[in-house]
Amino acid sequence: MTDFLQYVINGLAKGSVYSLLALGLVVIYRGTGHLNFAQGEMALFATFGTLWMYSQGLQLWAALIITALLSFLGGGVIEFGLMRPAGKKSPLAVVVVAIGLFQGLNALSGLVYKGSADGLHFPSLFPNGTNDFYRIGGTCKGSVCTGGVVWRYQDIGTLVTVLVLTALLFLLFQKTKVGLAMRMVANNPDSAKLVGVSTNRILMMSWGLSSAVGVVGGTVFAGITANINLFLMFQVFLLASAAATLGGLDSPGGAVIGGLSLGVVESLVENYPKHWWFGDYIGQSTAIAVAFVIILAVLLVKPSGLFGSSRVERV
Amino acid sequence: MTLPIAIKSGSTAHQLTRVAAIAAIAAVVYNFYLNGKPSTLGSLTEACILATTAVALNLLLGFNGQISIGHSAFVGLGGFASGYAVNQLHWNPYASFLLAVILCFVIGLVLGLPALRLKGPYLALVTLAVAFVFPTIAGKFLDRKLKRATKINGLRLKPPTWTGLKPTRTDTAVFIYLLAVVLLVVAYVIVRNLRTSRIGRSLVAVRDNETAAAVMGVNLRFTKTITFGVSAAIAGAAGWVSAAYFSTMTVASFTVRDSIVYLLALFLGGAATLTGPIVGAFVYYFLNKYLLDHAKNWTWLPGPLAGGPVAPFLLGVLVISFVFVAPFGLVGFVKAQGRRFFVIAPRPLELAATTPQLVEHSTAAADET
C-alpha cells in the first residue's frame, strides 16, 4: 500500500505538468478548433530562454516570470503573423504551419542555445536536496526514519504551482470579462462577433496564454528531470495532448483530470509490472504505450473524450 | 496566337506531351543507371523511398483527408518485418516483400478502425502515438528475439543473373536503385488509377464532406479503412526497399521525426496532387543534403545561424513560407503558372440517351415549386 501511494505521489508531479500543457492546448483548441502541434517546441524554446537568463545571473523565479511574459507576446505574434493568415487559406494550412513551426523551433533551439543537443543541467525552482522531503507514516528510531511515503518538496512545489495556476485560469475563464469573451468565441465565434467581441484579439490572447502556460510547464518539468535537451518537451507535449484528448479537447477541467491521471498511470506502469511475467515488455520506456492504449480505448467508447462535448453538425 | 493555348484532353498534342514527359524521366533514370556512382545511386534510392512514402501519405491525407503522423511506423514495420523474416526465418527476400506489404495493409486496416470514429486532431494524436510507440516496441522485440538491442540486418539483396548485373558493390547499388524506382512508379500508378476511378472519386467526396458522401451512397467505413490499409501497404513497401538498401537498421531510423519529414516533403510538393509528393520528396531530400553539406560554411548567415546545422530550421521556414506563397506546393505553383500559357481543355461530355428525360423531369419539378 505504501508503495502504491508512493508511486501515485511521484506521478502527480509530472501529471500536473501534463495537465498544465493540456490546458494550454485546450485554450487554443476551443478558440480555433486546431491542435497546436508546436506547443511543446514553443515551450522548449522559451524554457531554454529561462535557463539562459538564469545563467546570466538572474533568479530563476524572475527569469521564469520574464520569459512567461515574453512568451505571452510571442504566442500572440505567432497567432497574428502565422496562424491567422494560414487559417484564412485552409484548415490544412494551419497544420502545415504548426508542423513547420515544430521543426523550425526545435532546430532553432539547437542553434541558438549552445550545448542544447547534448543536454544541459537545469536548476529546480524548489528546494531539491537529499533531505528536502516530507515523510508520511514510517517508523523512526531516534533521528533516523525509514519507510512510509516520501513526498519531495520539489514534487509538492510543482503540484501546488500548477494547481494555483489552474485555479487562476479558471477564475479568468469564469469571473472576468475577458474570460467570458473567450468562452463566447469558443462557443460560437460568429455570434460573439455580432455582439461586439473582437474575436481576433481574443484568439491572440488565447495563444499568448497558452504559450505562457507552456513555459511555466517546461521550466517546472525541466526542474523535475534536472536536465533539458531538445527532446524534452516533445514527450511532454505528447502526453499533454493525450491528456487533453482523454479529457476532451474542449474541456479545461477534463484536461486537468486527464493530465493528473495520465501522470499517475505512467508512474504506476513504470514501477509495477517489474515482478510480473510480461515485465520485460512493459517497463519504463513502454509506460507511454500503455497510457495510449487506455486512451484509445476511452476514445473508442467516447470519441470526444471523457468530458468533451460532441458537436452536432447541421446538414 | 492568344494565350493561353488550349490543348484538348486526349488529343494527339496532349498524348505527345505525356509521352515526352515520360521519356524525359525515363532518360534521366537510364542515365543514372549507366553512369551513376554508388553514392549518387544511394542518395537517389533514399529519395525514392521518401517519395514512395510521401505518395502513400498523399493518398491518405491529400485525397482522403485523414491525417497520419504515424507513417514512420509502417515504413519501420515493413523494414523490420522483412529484415527479420530474411535473417532469422531464412525467407526468400522477395517473399518478404509480400510479408511487409500484407502485414502493413492489415495493421493499416486495424488502425483505420479507430479512424472511423475519430476525427481531425483526435486521429492525428492516435497516429502520432503509434509512431511514438513503434520504436520502443520494435526495440523490445529485437532485444528479446535477437539478443541485440537495437539493430537488425538488412536483406542483403544480390541482383539476380537475368538482369545481367554482377554481385559487385556498384551493380548491387544499381539494382536496388532500379528496384526503388520501379516501386515508386508502381505506387504512383496505383494512386493515379485509384484517383481517377470510382473509388478515387468517393475518397475525395469523403474528404470534402463526409455526410454528403454518405448520403450519396459512399460506404464511409469501407472507403476510409481501405484507404488507410492501402496507404500503409505502400509505406510498408517503401520500408522493404529501405531494408534492401540499408545494411543494418536501428529502431532510431523510424521515429516521429521521420513522419514529420514525410509530411513536410508532401506539403512542399503539394498535397492532393498526383506528382506533388514525388517532386516534394526529391526537392526536400536533395535540399536537405545540400544544406547539410554546405550550410556549415555560410558565415554570412545572421548570428547563431552561422556555422550551425541550419538545414532543419531552413526547411521548416521554407515549408511555412510555402503556405503563403504557394499553398498547393511546388506542383500547384508550377501548374498555376503554366495555366497562363497552356490549358488542357476537357473532352466535351457525350450526352447519353437518357439525359433529355432527366432534364424534362427536373424542369417539371422546378415548375411545381
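This is a short tour of a predicted two-chain model, stop by stop, with something to select at each one.

**Before you start**

Residues are numbered from 1 along each chain as its sequence is written, while chains are lettered from A and ligands numbered from 1 in the order in which they are written. Because this is a predicted model, local features need pLDDT of at least 70, side-chain atom pairs count only at pLDDT 80 or more, and totals for chains, interfaces and linings use all residues.

Colour by pLDDT, the predictor's confidence in each residue, from 0 to 100. The model scores ipTM 0.84 and pTM 0.87. In chain B the mean pLDDT is 85, and 93% of the residues reach 70 or more. Now select residues 355-369 of chain B: the pLDDT there is below 50, and beyond near neighbours in sequence the stretch has 0 contacts in the model. A contact here means two residues whose C-beta atoms, placed from the backbone, lie within 7 Å.

**Stop 1: chain A as a whole**

Select chain A, which has 11 helices and 6 strands. Helices (H or I, at least four residues) and strands (E, at least two) are DSSP runs, numbered from the N terminus. The C-alpha trace spans about 70 × 50 × 40 Å along its principal axes. For 315 residues a compact globule would have a radius of gyration near 20 Å, and chain A agrees at 20 Å. That radius is taken over C-alpha atoms, and the globule rule is 2.2 Å times the number of residues to the power 0.38.

How many of the 315 residues count as buried? The share is 51%. Buried means that 20 or more other C-beta atoms lie within 10 Å of a residue's own; exposed means 12 or fewer, and partly exposed is in between, with C-beta atoms placed from the backbone.

Next, pick α2(A), residues 39-55. Step just past the helix to G57(A), which takes a positive phi of about 105 degrees.

**Stop 2: chain B as a whole**

Switch to chain B, with 14 helices and 4 strands. Its radius of gyration is 23 Å, close to the 21 Å that the globule rule gives for 369 residues, so chain B is as compact as a globular protein of that length. The C-alpha atoms fill a box of roughly 80 × 55 × 50 Å along the principal axes, and 42% of the 369 residues count as buried.

**Stop 3: where the chains meet**

Show both chains. The contact takes 39 residues from chain A and 38 residues from chain B. On the chain A side, the elements that give two or more residues are α3, α4, α9 (232-247) and α11 (287-301). Which of them gives the most? It is α4(A), with 16 residues. This side of chain A divides into 28 nonpolar, 8 polar and 3 charged residues. Here Ala, Val, Leu, Ile, Met, Phe, Trp, Tyr, Cys and Pro count as nonpolar, Asp, Glu, Lys and Arg as charged, and the others, Gly among them, as polar.

Stay with α4(A): 19 of its 22 residues are buried. Those 22 residues should span 32 Å at 1.5 Å a residue, and the end C-alpha atoms, 31 Å apart, agree.

**Stop 4: helix α12 of chain B**

Select residues 311-325 of chain B. These 15 residues form α12(B), which reaches 20 Å from first C-alpha to last, close to the 21 Å expected. Its buried residues include P312(B), L315(B), V319(B) and V323(B). The buried residues pack against α3 (60-89) and α4 (91-112) of chain A, and against α10 (256-269), α11 (276-294) and α13 (329-338) of chain B.

**Stop 5: the largest nonpolar core**

A nonpolar core is a set of buried Ala, Val, Leu, Ile, Met, Phe, Trp, Tyr and Cys residues joined through C-beta atoms within 7 Å. The largest has 206 residues, of which V97(A), A242(A), C104(B) and L264(B) touch the most other members. Helix α2 (residues 38-63) of chain B supplies the largest share, 15 residues.

Centre on L264(B). Not counting residues up to four places away in sequence, L264(B) touches I99(A), Q103(A), Y284(B), L315(B) and V319(B).

**Last stop: F342(B)**

Finish at F342(B), in strand β4 (residues 342-345) of chain B. Is F342(B) buried or partly exposed? With 14 C-beta neighbours inside 10 Å, F342(B) counts as partly exposed. Leaving aside neighbours within four places in sequence, F342(B) is in contact with P4(B), I5(B) and I7(B).

Note on methods. The expected span of a helix is 1.5 Å times one less than its number of residues.
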